[in-house]
Amino acid sequence: MAEQSLRDRILAADDRPKEAVFVPQWGLSVFVRTLSGAERDDWEASIVQQKGKATTYDLRNIRARLVCKAVVDENGRRVFNDHEAEVLGEKSAAALDLLFTVAQRLNALTNADVEDLGKASGI
């Protein structure tokens, strides 16, 4: 049997772990997973918006938007789609913050990264 190429080994690597998180406010556990590079870029692009030469920043529901992308079921399927961030944003801030914090850690999204978005937005 031929040895796998480096490319094939990289593409076959299980590099998107998920972690079970108990959410006391909801009385249940959910899984939070690592985003793909494309999903992370999509989340960041939802915050930074280019209109002509002007750059604007939309930090509304920043936690719910990340949680929508990161929360999955036991089979790894997303529980929420991107369009449900608004309704998810109506849930407990403590619950969203808990899941956002786990998603931050799993996705190497530092507090400084989030603060930089806030500074750029003028908040």
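Is Asp82 buried, partly exposed or exposed? I began with this residue in what is a predicted model. Asp82 has a relative accessibility of 36%, so it counts as partly exposed.

**Entry 1: the salt bridges of Asp82**

I looked up the partners of Asp82 next. The side chains of Asp82 and Lys69 meet in a salt bridge, with 3.0 Å from N to O. I noted that this pair links distant parts of the chain, since Asp82 sits in the loop between β5 (71-72) and α4, while Lys69 belongs to helix α3, 13 residues apart. Lys69 has a relative accessibility of 5% and therefore counts as buried, the limit being under 20%.

I then found a salt bridge between Arg78 and Asp82, where the closest N and O atoms are 2.6 Å apart. Arg78 is partly exposed, at a relative accessible area of 30%. Through shared partners, salt bridges join Asp42, Lys69, Arg78 and Asp82 into one network.

I recorded a total of twelve salt bridges in the structure. One of them pairs Asp97 with Arg63, with the closest N and O atoms 3.0 Å apart. This pair, too, links distant parts of the chain: Asp97 is in helix α5 and Arg63 is in helix α3, 34 residues apart. Asp97 is partly exposed at 33% relative accessibility, and Arg63 is partly exposed with a relative accessible area of 37%.

**Entry 2: helix α5**

I turned to α5 itself. The helix has 14 residues and reaches 20 Å from its first C-alpha to its last, close to the 20 Å expected at 1.5 Å a residue. At its N-terminal end I found a cap: a side-chain oxygen of Ser92 lies 3.2 Å from the backbone nitrogen of Ala94.

Which residues of α5 are buried? I listed Ala95, Leu96, Leu99, Phe100, Val102, Ala103, Gln104 and Leu106. An α-helix has 3.6 residues a turn, so residues three or four places apart point the same way.

**Entry 3: the largest nonpolar core**

I counted 25 residues in the largest nonpolar core, of which Val32, Trp43, Leu66, Val67, Val71, Leu88 and Leu99 touch the most other members. The elements giving two or more residues to this core are β1 (18-23), β2 (28-33), α2 (37-47), α3, α4 (85-88) and α5. The largest share, seven residues, comes from α5.

**Entry 4: a nonpolar patch on the surface**

I also looked for nonpolar residues on the surface. Leu6, Ile10 and Leu11 form a nonpolar patch there, and together they have about 330 Å² of accessible area. Leu6 is found in helix α1 (residues 6-12). With 55% relative accessibility, Leu6 counts as exposed, because the limit for that term is over 50%.

Most residues other than glycine have a negative phi.

Asn61 lies in the loop between β4 (54-57) and α3 (62-70), and is partly exposed, with a relative accessible area of 24%.

I located Ala108 in the loop between α5 (93-106) and α6 (111-121). Ala108 is exposed, with a relative accessible area of 60%.

Conventions:
Residues are numbered from 1 along each chain as its sequence is written. This is a predicted model: local features need pLDDT of at least 70, side-chain atom pairs count only at pLDDT 80 or more; totals for chains, interfaces and linings use all residues. Side-chain values use heavy atoms; hydrogens and water are left out. Patches are made of residues with over 30% relative accessible area and no salt bridge: like charges are joined within 9 Å, nonpolar side chains (Val, Leu, Ile, Met, Phe, Trp, Tyr) within 5 Å. Accessible areas come from the Shrake-Rupley method with a 1.4 Å probe; for residues, only the protein chains shown count as cover. A salt bridge is a side-chain nitrogen of Lys or Arg within 4 Å of a carboxyl oxygen of Asp or Glu. Helices (H or I, at least four residues) and strands (E, at least two) are DSSP runs, numbered from the N terminus. Buried means under 20% relative accessible area, exposed over 50%, partly exposed in between (1.4 Å probe, protein chains only). The expected span of a helix is 1.5 Å times one less than its number of residues. A polar contact is a pair of N or O atoms within 3.5 Å; within protein, one must be able to donate a hydrogen and the other to accept it, and residues adjacent in sequence count only if both atoms are side-chain atoms. A nonpolar core is a set of buried Ala, Val, Leu, Ile, Met, Phe, Trp, Tyr and Cys residues joined through side-chain atoms within 4.5 Å.
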